[in-house]
Amino acid sequence: MDELDSAIVRLLQTDARQSNRELARQLGVAPSTCLERVRALTRRGVIRGYHADIDPAALNRGVQAMVAVQVRPLSREVINAFKASAAEMPEVLSVFVLAGGDDFLLHVAVQDLDHLHAFLLDRLSKRKEIVGFRTSVIYQQVQKPFPSLLPEA
């Protein structure tokens, strides 16, 4: 990635809805150059898609938590099956497969603490492959709007 590619990525992360013409104007390049660069970034997998940033509370998901999960036996089949199953649960926003003491980290969002408790008891604790889990309620979240390119070592 060169400076122009980095600038395109930074501007699209700030506002992915801007037109190619506006993007090109901000970069000081021809619209055709900008369009070809965006297409190349997409082909290379740098740009994977575009999305809207939605407030979970607006969707009646005012309580969020991180749930660290341990499963047994540790096998590819168990890990893949739990990963797929967890991703389908409506309360789960993200599934992370981990190395270390925990096998998974689930980012969940629910209506309230009663629903979080019900999710833990009714959905997780009944699964035979889960041998333990720990829950941390999220009070506040500060999220970087976008990752930036790190310098090469």
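**Exercise 1. Determine how many helices and strands the protein chain contains, and in what order they run.**

Solution. Helices (H or I, at least four residues) and strands (E, at least two) are taken as DSSP runs, numbered from the N terminus. On this basis the protein chain holds 5 helices and 4 strands. Read from the N terminus on, the order is α-α-α-β-α-β-β-α-β. The radius of gyration, taken over C-alpha atoms, is compared with the globule rule, 2.2 Å times the number of residues to the power 0.38. The protein chain has a radius of gyration of 20 Å, well over the 15 Å that the rule gives for 153 residues, so the chain is more spread out than a compact globule. Its C-alpha trace spans about 60 × 35 × 25 Å along the principal axes.

The model is predicted: local features need pLDDT of at least 70, side-chain atom pairs count only at pLDDT 80 or more, and totals for chains, interfaces and linings use all residues. Residues are numbered from 1 along each chain as its sequence is written, and side-chain values use heavy atoms, with hydrogens and water left out.

**Exercise 2. Describe how α2 and α3 pack.**

Solution. Axes are lines fitted to C-alpha atoms, for helices over the stretch in contact, and angles between N-to-C directions run from 0 to 180 degrees. Helix α2 (residues 20-27) meets helix α3 (residues 31-43) at an angle of about 105°, and their axes are 8 Å apart. The two helices are therefore roughly perpendicular (65 to 115 degrees). With contact meaning heavy atoms within 4.5 Å, N20, L23, A24 and L27 of α2 touch P31, C34, L35 and V38 of α3. By class, this contact has 7 nonpolar, 1 polar and no charged residues.

**Exercise 3. Identify the residues nearest the centre of the largest pocket, and the element that gives the most to its lining.**

Solution. The lining comprises 35 residues, and Q13, H51, Q143, P145 and F146 lie nearest the centre. Helix α1 (3-14) and strand β2 (92-97) each supply at least two lining residues; α1 gives the most, with 6 residues.

**Exercise 4. Locate P73 and N60, and state the backbone feature of each.**

Solution. P73 is placed in the loop between β1 (63-71) and α4 (76-88). The peptide bond from R72 to P73 is cis, with omega near -5°. N60 belongs to the loop between α3 and β1. Phi of N60 is near 60°, a positive value in a residue other than glycine.

Notes
Angles under 35 degrees count as roughly parallel, over 145 as roughly antiparallel, 65 to 115 as roughly perpendicular and the rest as oblique. Ala, Val, Leu, Ile, Met, Phe, Trp, Tyr, Cys and Pro count as nonpolar, Asp, Glu, Lys and Arg as charged, and the others, Gly among them, as polar. On a 1 Å grid over the protein atoms alone, a cavity is a set of points where a 1.4 Å probe fits but cannot get out, and a pocket is an open set with protein on both sides within 12 Å along at least five of seven lines; lining residues have an atom within 4 Å of a point.
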